[in-house]
Amino acid sequence: MSRSYNITLLPGDGIGPEVIAESVKVLDAVSEKAGFSLNYTEQNAGGAAIDAHSDPMPDSVVETCKKSDAVLLGAVGGPKWDELTGAMRPESGLLKIRKELGAFANLRPVTVPESLAENSPLRPETVAGLDLFTVRELTGGIYFGEPRGTEGEGDEKKSWNTMVYSVAEIKRVARVAFEWARKRRNKVTSVDKANVLDVSRLWRDTVIELHAAEYSDVELDHLYIDNAAMQMVVNPRQFDVILTGNIFGDILSDASATLGGSLGLLPSASVGGPVGIFEPVHGSAPDIAGQGKANPFAMILSAAMMLDTLNESDAANAIRAGVDKVLADGYRSGDLWKEGNTLASTTELGDLVKDAA
Ligand code: ATP
Ligand code: MG
């Protein structure tokens with residue numbers, strides 16, 4: 001029996017459908033070469049699902065996702081749905097599917113190939129060749145902890161949130177980080193605020209214990225969040241895998257995302273449950289939708305992460321090598337274009353990667 005996977009496609013809104021189409025093009029080429037097959041089921045999500053079913057993430061779509069091996073998501077939202085509130089917002093569809101699929105770990109790799117170092121807000125020599133990977137806990141911590149609330153009036157009015165992590169929550173996300181480190185350069189930097197916060201002390205102790213028990217082959221160090229933020233700007237190349245909680249990860253992964261100079265290059269994955277969701281870091285970019293201007297690389301690289309998770313690493317690496325080659329050859333979408341580059345459309349870039357992968 002040859003290997004075969006069921007993939008749910010959620011193209012969504014704006015440039016979502018355009019970049020999904022390019023990722024499917026590339027996936028079909030590498031899977032054929034590597035000898036496995038991908039069966040796609042396409043469903044509406046976000047604004048497209050609101051228009052079709054008055055619901056940004058209908059239960060029938062959730063069921064389809066649960067039955068598949070992975071979900072590829074383009075982007076959701078746009079000005080057409082800006083007036084909607086609460087559960088009717090396109091973005092709430094995204095939160096629903098992450099929750100339904102138990103996606104407790106958000107993975108964000110950031111790479112800066114030599115050919116793009118000039119686009120960085122940092123000095124090119126600080127970022128050239130950068131290759132780091134953030135594992136952010138996604139369903140716990142201060143964003144979800146109880147108690148939370150507001151009470152009182154005037155100057156006596158108070159609000160509070162609570163950062164809570166259990167040992168089980170810390171261990172399961174730390175495992176994700178250690179496993180990815182083994183596939184990469186074998187180093188984890190755990191980021192916390194253990195000098196001030198009890199919950200961070202538990203975080204650090206738990207990571208140390210898990211490391212000693214199961215992952216002592218992986219290099220492990222610890223940074224306080226303030227120091228980590230500084231190191232991200234001063235010497236980001238020291239990092240391989242960064243492991244951190246929900247709020248620190250939110251901040252740190254956005255900081256790392258700016259290092260390469262464009263959102264159009266950054267893939268992400270939300271994993272942990274039986275089915276992972278793979279989507280670009282960027283949004284639906286309504287300002288350039290439908291014009292063939294979107295950079296498809298973030299989506300194509302998200303598809304490569306999907307293949308990693310399905311243990312089809314050769315095909316995943318072929319995709320990444322293809323993207324690197326197209327960039328090294330000087331082809332760029334508008335977000336990255338500089339004097340001397342060749343401007344290419346969304347579909348041209350997809351074709352080039354397909355041929356190079
Ligand atoms: P969201 O709220 O959905 O995250 P946003 O307004 O924060 O959306 P994006 O949709 O990601 O942000 O777009 C931010 C800017 O980056 C826009 O000007 C957009 O055109 C540009 N951009 C985003 N993704 C791409 C891409 N793949 N290719 C080219 N430009 C992009
Ligand atoms: Mg945004």
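Which of the 16 residues around ligand 1 come nearest?

A: Those are Gly264, His282, Gly283, Ala285 and Asn295 (near means a C-beta atom, placed from the backbone, within 6 Å). Keep in mind that this is a predicted model, where local features need pLDDT of at least 70, side-chain atom pairs need 80 or more, and totals for chains, interfaces and linings use all residues. Residues count from 1 along each chain, chains are lettered from A and ligands numbered from 1, as written.

The shell around ligand 1 splits into seven nonpolar, seven polar and two charged residues (Ala, Val, Leu, Ile, Met, Phe, Trp, Tyr, Cys and Pro are nonpolar; Asp, Glu, Lys and Arg charged; the others, Gly among them, polar).

Now for the sheet: 10 strands line up as β2-β1-β3-β12-β11-β4-β5-β10-β8-β9, open and with mixed pairing (strands are DSSP E runs of at least two residues, helices H or I runs of at least four, numbered from the N terminus; pairing takes at least two DSSP bridges). β2 (36-42) and β9 (219-224) sit at the edges with a single partner strand each, so one side of each has no neighbour in the sheet. Further in, β5 (residues 130-137) and β10 (residues 241-244) run parallel, joined by four bridges, and Phe133 stands opposite Val241 in β10.

Helix α1 (residues 16-34) packs on this sheet, touching β1 (3-12), β2, β3 (70-75) and β12 (276-280) (contact means C-beta atoms, placed from the backbone, within 7 Å). Helix α9 (residues 246-257) packs on the sheet too, touching β4 (105-112), β5, β8 (187-192) and β10.

Technical notes
Contact = placed C-beta atoms within 7 Å. Axes fitted to C-alpha atoms, helices over the stretch in contact; angles between N-to-C directions.
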